[in-house]
Amino acid sequence: MTDLSRYRNIGIFAHVDAGKTTTTERILKLTGKIHKTGEVHDGESTTDFMEQEAERGITIQSAATTCFWDDHQFNIIDTPGHVDFTIEVYRSLKVLDGGVGVFCASGGVEPQSETNWRYANESAVARVIFINKMDRIGADFYRVVKQIEDVLAATPLVMVLPIGAEDQLKGIVDLITRKAWVWDDSGLPENYTLEDVPADMVDDVEEWREKLIETAVEQDDDLMEKYLEGEEPSEEDLKRCIRKGTIALDFFPTYTGSAFKNKGVQPMLNAVVDYLPCPTDVPPQPEVNEEGEETGEFAIVDPTLPVRSLAFKIMDDRFGALTFVRIYSGTVNKGDTLINTFTGKKERIGRMVMMHADKAEEISSCQAGDIVAFVGLKNVQTGHTLADEKNPATLEPMVFPDPVISIAISPNDKGGSEKMGLALSKMVQEDPSFYVNTDEESGETILRGMGELHLDIKIDILKRTHGVDVTVGKPQVAYRETITQKIEDSYTHKKQSGGSGQFGKIDYIIEPGEPNSGFEFESKVTGGNVPREFWPAVQKGFGSMMDKGVLAEYPLLDVKFTLMDGAFHAVDSSAVAFEIAAKGAYRQSISKAGPQLIEPIMKVDVFTPEDHVGDVIGDLNRRRAMIQGQEAGPTGVRIKADAPLSEMFGYIGDLRTMTSGRGQFSMEFSHYNPCPKNVAEEVIKEAQERKANK
């Protein structure tokens, strides 16, 4: 039986370009998993194994790998930093117990760091912090520590201090042991010596060590009392308190170094062992019923209990269809049959592998606490639970955001349609934030995703990985419609044509719903004028029409429909008659309820050098953005704004031109807002032209 206390399921996450993947490479090298270190800037890193990742130097999909350090098994997931792929971070955090948040010592807390930090807080994942790139120009450890406090409202527990910075970075001082780790100039991680604290750092080390002890002993009243009386806690007691506080998310042990220069990575790995939780240290996963409500039962991390496992990623590669799963309880052996509680279908586990990035190692069994990949499962998707067939239960599923941007594509040659269909169905399985549908009237294939880069990469994968050449239309914004007025109305559906007829009369109120409520239905019928068994038919009829608004046929959001009264016929009334009546009511009343076009508003975070701030703000104003604030940093200014997605296409090119290539930005969906009249008129006109051309 594996000792679960020696497992660490961790993710590495950060803003784009903070050095996550380089840090992962160093960890793999130090733990003996790889013998030659691959560099991101050479396109040779182990976990960035997609062609698109190697070329662009960014991580697109999370990669899972297993390695060992100090007798402990690390299951590591390297996640993307780019905002269009936060879905990968979100679903990885869902199955991890701990994480390493990587920050750039010169860039500090950047926009995507905030998003990932928020996700990690929501998932209650314990973290250690690694302030990377201390060898970079402008690196300032203390400034980043302050930013973590101010911007993330987190408590960094400083565990080490850097010796030097930029090209003078020599190593770090461990505050607990008061020992300096000093690396030589060979660039090899193992070439370090433990020395006394440099004379000019003694006062700083004592000051920060005192802060460290004061924060840590708050976890133990007895130790705190002794400390206040002048007795210093032992190293063992101190570590125990730090572990307790880290798992409780009270603070985050903070390390520093340069992964690229191989300085400071080992102490951070030791921290993963010492302070991050093992699978039994975190609260067990709740089980849910068919409606998604918690049942009060939990998947306890225990290899002897019935199997509970969550599929968190699907990937198709040369090993076949891989389904990555986190085993929460029980043991799975090769040849076992599990049940997918979402589909009700049984799945036989023929092969299972432990992944090392893009290499696979066959295993014959896995157990609670493991992250493994099952090979060749047919009907499993992200978020599905695979459980013991004799004792099934469902784990809390994952919730994914709706896409905000779409493009139309068509294959360049006639034979490409089938090939494209197969490729897209594989890609949809792999990425739950990527949607594909066919426009029934035009026959076009529509791709929908989280941003321009997201769809750009998908087209690239279609062309290269699947060999499908396509023509791409211009990006379309996911507009929505809503209503602004309350309407009371009545509708009667009546059909007599020999034999039994159809009859259903409804009196109803249609009114604007709460923001983000979608569609709400309520019945206030008393006295049986519309029998209770027909209420669901009215709800179904009205709800089925919400997909097409009356202005430009965009889906309708935030509408409440209340059934007040009506009438029925003892012979001619049926569920179908009332469903048709509700559809007629929609067509009759929505256009009277002040329909309005609404557009997706994005939360935009722009970084610009100080001398270009005026140009950038002027340009954002032209794009109808509302500036929410700006803050100056050592290397430039960050501007936060809310901007309509329709105005942000191609923004990166314009930003680079304005800032001589030094500007950066990220954006994510925030909310829907009413369109200005001129924009709405243009969108409606385009929709009418499209309809006329069909």
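Is Asp 558 buried or exposed, and what is its relative accessible area? I looked this up before anything else, in a model that is predicted, where local features need pLDDT of at least 70, side-chain atom pairs count only at pLDDT 80 or more, and totals for chains, interfaces and linings use all residues. Residues are numbered from 1 along each chain as its sequence is written, and side-chain values use heavy atoms, with hydrogens and water left out.

**Entry: two loop residues**

I found that Asp 558 is buried, with a relative accessible area of 14%, where buried means under 20%, exposed over 50% and partly exposed in between, using a 1.4 Å probe and protein chains only. Asp 558 sits in the loop between α12 and β34 (559-567); helices (H or I, at least four residues) and strands (E, at least two) are DSSP runs, numbered from the N terminus. I noted that its phi is near 55 degrees, a positive value in a residue other than glycine. Most residues other than glycine have a negative phi. I then turned to Asn 262, in the loop between β11 (252-256) and α9, which has a positive phi near 60 degrees and is buried at a relative accessible area of 11%.

**Entry: helices α12 and α13**

I looked up how helix α12 (residues 535-544) meets helix α13 (residues 575-589), and their axes come within 7 Å and cross at roughly 40 degrees. Axes here are lines fitted to C-alpha atoms, for helices over the stretch in contact, and angles run from 0 to 180 degrees between N-to-C directions. That makes α12 oblique to α13, since angles under 35 degrees count as roughly parallel, over 145 as roughly antiparallel, 65 to 115 as roughly perpendicular and the rest as oblique. Among the residues in contact (heavy atoms within 4.5 Å), I listed Val 538 and Phe 542 in α12, and Phe 578 and Tyr 586 in α13.

**Entry: the nonpolar cores**

I wrote down that the largest nonpolar core has 68 residues, of which Phe 74, Val 100, Ile 148, Met 159 and Ile 242 touch the most other members. Such a core is a set of buried Ala, Val, Leu, Ile, Met, Phe, Trp, Tyr and Cys residues joined through side-chain atoms within 4.5 Å. Helix α9 (residues 265-275) gives this core its largest share, seven residues. Apart from this core lies another, of 47 residues, including Met 420, Ile 459, Val 613 and Val 637.
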